[in-house]
Amino acid sequence: MNLPAQTETCKPAMLEIIDLVKYYPAGGGSLSSPQENIRAVDGVSFFIKEGETLGLVGESGCGKSTLTRVVLKLEEPTAGRILFEGEDVTAWQGRKLRELRKNMQIIFQDAYSSLNPRMTVEQIIGEPLANYCKDTRKERRRNVRELLQIVGLNPEHLQRYPHEFSGGQRQRIGIARALALRPKLIICDESIASLDVSIQAQILNLLKELKDGFGLSYLFISHDLAAVKYISDRVAVMYSGRIVEVIRAEDLTKEAGHPYTQSLLAAVPLPDPGKRDSKQAILRGEPPNPVKPPSGCRFHPRCPRAAEICKVTEPELQAIGPDHRAACHFVRQKFKL
């Protein structure tokens with residue numbers, strides 16, 4: 001079990017995830033051996049406050065995208081609870097789930113594959129409006145034009161198709177579509193990963209402007225620590241299906257307590273490699289097998305400070321400062337608590 005999802009604020013959370021689990025059958029089950037499971041998400045808890053951006057980072061395969069699909073109810077959780085604005089939506093189906101989707105939207109990593117190549121920009125952005133709103137075609141076109149201008153595109157783009165745009169422009173179209181129903185929460189799933197660096201900066205600035213202008217909350221998923229620190233209020237670090245650290249973004253580079261977080265920071269390229277702290281350990285080895293994760297702390301086979309207790313006892317997320325929790329047996333020693 002990870003941290004109780006909401007302990008650091010008395011204000012109700014926009015999104016609250018409690019002990020969320022998602023397993024997939026791995027095959028191989030028989031009368032003599034039980035069915036094995038891929039533990040994609042294995043007891044994750046966190047919360048996002050209204051108007052807050054929570055960054056989620058971790059290696060490929062740690063469970064970030066699976067978590068996204070489960071939170072959005074695109075897949076059903078194996079266990080755990082999903083609360084949105086205080087309501088338990090875990091078992092919602094049909095009409096109630098349809099209403100929930102108005103308030104929870106996603107911006108995908110690959111904008112090109114997420115846009116229908118047979119639809120014009122007007123049709124792509126207007127589709128959510130057509131499905132949920134009772135406006136006229138004229139009103140819908142006006143709304144689509146406004147959304148295009150908000151994300152930095154021109155009205156003359158209305159009748160163009162996705163292949164006629166650059167990668168950055170396609171991502172802006174995806175953002176406009178996500179905004180169409182005025183959601184309260186947007187999940188950005190590696191939404192800048194496929195873009196040039198200069199375009200990434202533009203999209204990040206656009207997301208920050210939209211957050212303030214529309215009062216949005218974000219779950220920003222990425223493996224780019226610099227981008228996550230820039231856009232986020234808090235950062236959650238995920239490893240092998242579990243959250244191992246939650247920290248304020250402003251404290252990330254100097255106050256990271258978990259060895260895995262420190263290894264991720266050490267792997268970030270520096271303009272002058274000679275200025276890298278020699279005490280920072282570059283992450284080595286491979287991520288654990290999600291079917292048979294290591295006993296105890298899942299990071300211990302790769303951890304430079306692992307001890308015997310790490311091999312047998314899984315650490316709990318424990319408070320080590322304001323809005324700062326880490327799952328490490330030795331983190332309190334590091335901070336002299």
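A: The lining of the largest pocket comprises 19 residues, and those nearest its centre are Arg101, Met104, Gln105, Ile106 and Phe108. On a 1 Å grid over the protein atoms alone, a pocket is an open set of points with protein on both sides within 12 Å along at least five of seven lines, whereas a cavity is a set where a 1.4 Å probe fits but cannot get out; lining residues have an atom within 4 Å of a point. Two or more lining residues come from each of α2 (94-103), β6 (104-107), α4 (121-132) and α6 (167-179). Helices (H or I, at least four residues) and strands (E, at least two) are DSSP runs, numbered from the N terminus.

This is a predicted model, in which local features need pLDDT of at least 70 and side-chain atom pairs count only at pLDDT 80 or more, while totals for chains, interfaces and linings use all residues. Residues are numbered from 1 along each chain as its sequence is written, and side-chain values use heavy atoms, with hydrogens and water left out.

The space in the largest pocket is about 420 Å³, a volume being the space filled by probe spheres set on grid points that are joined across faces, edges and corners. Its lining has 12 nonpolar, 3 polar and 4 charged residues. Here Ala, Val, Leu, Ile, Met, Phe, Trp, Tyr, Cys and Pro count as nonpolar, Asp, Glu, Lys and Arg as charged, and the others, Gly among them, as polar.

With 5 residues, α4 gives the most to this lining. The helix α4 also packs against α5 (residues 137-150), at an angle of about 115 degrees and with the axes 9 Å apart. Axes are lines fitted to C-alpha atoms, for helices over the stretch in contact, and angles run from 0 to 180 degrees between N-to-C directions. On the α4 side the contact is made by Val121, Glu122, Ile125, Gly126, Leu129 and Ala130, and on the α5 side by Arg140, Arg141, Asn143, Val144, Leu147 and Leu148. Contact means heavy atoms within 4.5 Å. By class, this contact has 7 nonpolar, 2 polar and 3 charged residues.

The largest cavity has a volume of about 120 Å³. It is lined by 13 residues, with Arg242, Val244, Glu314, Pro315 and Ala327 closest to its centre. Strand β10 (residues 242-248) gives the largest share of that lining, 3 residues. The second largest cavity has a volume of about 70 Å³. Of its 13 lining residues, Cys297, Cys303, Cys310, Cys328 and His329 are the closest to its centre. By class, the lining of the second largest cavity has 9 nonpolar, 3 polar and 1 charged.

As for the setting, the protein has 12 helices and 12 strands. Of its 337 residues, 48% are buried, that is, under 20% relative accessible area, with exposed meaning over 50% and partly exposed in between (1.4 Å probe, protein chains only). Ser217, in strand β8 (residues 217-221), counts as buried because its relative accessibility is 0%. Pro301, in the loop between α10 (259-266) and α11 (308-312), counts as exposed because its relative accessibility is 53%.
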